[in-house]
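The sections take up the sheets, the helix packing, the backbone and the surface in turn.

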Amino acid sequence: MISLDDLNPQQREAARTIEGPVLVLSGAGTGKTRTITYRIAHMLQQGIACENILAVTFTNKAAREMRQRVRTLVGKRAQQIQVSTFHSLGARMVREHAAALGLRPHFSIYDGGEQVALVKKALRGISVTWKKYKPEDILFRLHAARGWRDDTLTIRDADGVDSAVLHSVWDTYRATLRSANAVDFEDLLFLPLRLLHTHKDVLRQYRERFRYILVDEYQDTNSTQFDLLHTLAGTHRNICVVGDDDQSIYGWRGAEVRNILDFEKHYPHAKVIRLEENYRSTTTILNAANAVISKNAERKAKRLWTQRRGGAKIRCVAAVDEMDEAELVVADLMMQQRERTLPPSAFAILMRMNTQARPFEEVLRRYKVPYVVVGGMQFYDRKEIKDFLCYMRVLANPQDDEALLRIINVPARALGETSIERLGRAAAQAGTALVPMLSRAEEIRDLQPAARHAMAQLGAMLETHRQMLAQQPPAQVARALWAAVDYRRELETSSRTPQEVDERMANAQALIDSIAYYEQHTQEPTMSGFLQQTMLLNRDDDEELSAGKVAVMTVHAAKGLEFPCVYIAGAHQGIMPHAKSALTATGMAEERRLFYVAVTRARDHLMISYPLARMRFGALEQCAPSEFLTDIPGELMDWDKNAAVRTATQEETAGFVALFKKQLAEQQQTP
DNA sequence: TGAGTTGAGGTTTTT
DNA sequence: CCTCAACTCA
């Protein structure tokens, strides 16, 4: 049994208001997850059935955490509650109604990289070079212009891009997906929406089932996600959204802050609850954060406060260049660590871009400070993992031409560009996908005998294992195919050391293990089921890997996290705010929110740094301190040590750096 | 097919 | 400056 008395009055109000639309504005560190989980537990106590609750998040990690925490509150029956990401919910709906949406059951899901590849291909097809037209940009425009009813484009503002090009690319893109029996990430939201609007019975069924909807990080929803939620919540309007407009930092990806700002317009008479008591940071840090964010014009008024008094001042440091900045930060970090006997995991170094991490990595490595760069090369980004998954995709969905093209000559089978092109032409003529055409290689006239043979062999191998899939569990088939593929041969040519070969083989092996794991935890395991799940599960929980290490990451990656000691690096004009975003008012507002998110990650200590000059495009460039620094009241900051933030001369800073380095050297000698 | 060369471009990236 | 990708020649 849980008691809502454990919550503060506002949290309690949020947990207790079950019926009707509710907007919970939860500032950073105000116990959002706690409130949500208590709310769910309370709903169950009120007799609401598990299966009538739908909780939607953005990340798998958030979903997992929510499920876990509800479970500790209410026990095993929590498993019955549908807690999922937008995309996994969508994938499930698409899977359950594949036929109605014109898909065959074992459809593939194309990720961002493959979407870009398709756009490139389409552009090449109409001989448009993608110098001026960046594929990512085209893709963004296409998805923004797409209507969910059918796939027609409504281009309002082509803005420099030839709309005929957009239409042409779109047609090719859709046709390719269709013939590959594949969907892209956006389809996982669009197709459910279309389904609900075209099949009233299905709509009724989902509304009946999901009578209570809860949405996390609502400020990050895009217009499709909004429509989907709005459609599902249609008649009952039992929708509770939780979010913080001040932490909306994904506008560039299509997130609409307006969704949260206009919630009361979309849902008249909605109850609005503000969570403003912060349980994370010191007064100093919160006051600084409040000062920065209050400069934003359009926002839901709120002011974070805490019962924690005072706190250390925010330190501000200017370094000579980026390398010096890294030295200063790491030196300080090591001193803090010693003085306060904190583990490395108590520290985070936050930056605007991944590329800024380089000097920090170098210095951390030099001083043997354990660290992780969060968001670098991910497990699923590795070539061997992608190749493995493509082999499995080809098995599960023989129409998946993209997957086949990736692995058709990996390991090398002497199938070059021309042979592949001939295969493609023959397949197009026969009106079939590439995989079935492989087995009919002898029908392809102009093929070299060697290529013909290689194709027939590959086709036979794939066909054999595809048939195995009908009788044997997926992990077993995966193991068999992987052995037959002789991928080690590929690794031996592309790896530098024998250890690397073993390591990369082990990576692929780990995937086979995860198929086995999936089998044990799923009622009707299929290869395509595994793949669909895996495609949506990127950046795996590297929590174990990151335990006990200093976290180096972008501010975006740090959202939702907290650390006793935070360093914000590269806090200068051009980076924070970023020059490209500072051009528009909305961009600027988002940069400010980003800085706000960075500041509010800190529990106790915050140090902000920037280089006075940095190498850029080969030339040394002067850096001015971030304009956001001037918004922090002076009494909260400590910059008298170096006076750099106002106008440090090179000499002043150089002197400071020298002093700091000397201190560091002393530290090193007495470890 | 693969290594070497040239040239452009250089934000963030939950799924 | 440094990286990535397209192009080029052996």
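Two strands are taken to pair if DSSP finds at least two bridges between them. The model described here is predicted.

Strands of a sheet pair through backbone hydrogen bonds, either parallel or antiparallel. One open sheet is built from 6 strands in the order E3-E2-E6-E7-E1-E8, and its pairing is parallel. From one strand to the next, the twist averages 15°.

Within this sheet, strand E6 (residues 212-215) and strand E7 (residues 239-243) pair in the parallel sense over 3 bridges. Which residue of E7 is the bridge partner of isoleucine 213? The partner is isoleucine 239. Helix H1 packs on the sheet, where it touches strand E1 (22-26) and E8, and the direction of H1 makes about 145° with that of E8. Helix H10 (residues 223-233) also packs on the sheet, touching E6 and E7, with its direction at about 160° to that of E6.

## The seven-stranded sheet

A further open sheet is formed by 7 strands, ordered E11-E12-E10-E13-E14-E9-E17, and the pairing is parallel. Its edge strands are strand E11 (371-373) and strand E17 (637-638), each of which pairs on one side only.

Strand E9 (residues 314-319) and strand E14 (residues 602-611) are joined in the parallel sense over 5 bridges. Cysteine 316 has isoleucine 608 of E14 as its bridge partner. Helix H15 (residues 357-366) lies across strand E10 (347-351), E11 and strand E12 (550-554), and runs at about 170° to E12.

## Packing of H1 and H2

Two packed helices are described by the angle between their axes and the distance between the axes. For helix H1 (residues 9-16) and helix H2 (residues 32-45), the angle is about 40° and the axes are 8 Å apart. H1 and H2 are therefore oblique to each other, and H1 passes H2 in a right-handed crossing.

On the H1 side, the contact is made by Gln11, Ala14, Ala15 and Arg16; on the H2 side, by Thr35, Tyr38, Arg39 and His42. By class, this contact of H1 with H2 has 3 nonpolar, 3 polar and 2 charged residues.

The axes of helix H5 (residues 112-125) and helix H6 (residues 135-145) come within 9 Å and cross at roughly 100°. Angles of 65 to 115 degrees count as roughly perpendicular, and this makes H5 roughly perpendicular to H6. Gln115, Val116, Val119 and Lys120 of H5 meet Pro135, Glu136, Ile138 and Leu139 of H6. The residues of this contact of H5 with H6 divide into 5 nonpolar, 1 polar and 2 charged.

H6 also packs with helix H7 (residues 163-179): their axes come within 10 Å and cross at roughly 85°. H6 is thus roughly perpendicular to H7. Ile138, Arg141 and Leu142 of H6 make the contact with Leu166, Val169 and Trp170 of H7. In the contact of H6 with H7, 5 residues are nonpolar, none is polar and 1 is charged.

## Backbone features

Most residues other than glycine have a negative phi, and most peptide bonds are trans. The peptide bond from valine 410 to proline 411 is cis, with omega near 0°; proline 411 belongs to the loop between helix H17 (401-407) and helix H18 (417-430). The bond from methionine 576 to proline 577 is likewise cis, with omega near 0°. Proline 577 is placed in the loop between strand E13 (563-568) and helix H27 (585-599).

Arginine 237 has a positive phi of about 55°, although it is not a glycine. This arginine 237 is found in the loop between H10 and E7.

## The surface near DNA strand B

Which of the 34 residues around DNA strand B come nearest? They are His87, Asp220, Tyr250, Gly416 and Thr554. Helix H3 (60-74), helix H4 (86-96) and helix H26 (555-558) each supply at least two residues of the surface near DNA strand B. By class, that surface has 12 nonpolar, 15 polar and 7 charged residues.

Definitions and conventions. Residues numbered from 1 in each chain as written. Chains lettered and ligands numbered in written order. Predicted model: local features only at pLDDT ≥ 70, side-chain atom pairs only at ≥ 80, totals over all residues. Near = placed C-beta within 6 Å. Helix = DSSP H or I, 4+ residues; strand = E, 2+ residues; numbered from the N terminus. Nonpolar A, V, L, I, M, F, W, Y, C, P; charged D, E, K, R; others polar. Contact = placed C-beta atoms within 7 Å. Axes fitted to C-alpha atoms, helices over the stretch in contact; angles between N-to-C directions. Parallel < 35°, antiparallel > 145°, perpendicular 65-115°, else oblique. Left-handed = near helix turned anticlockwise from the far one by under 90°.
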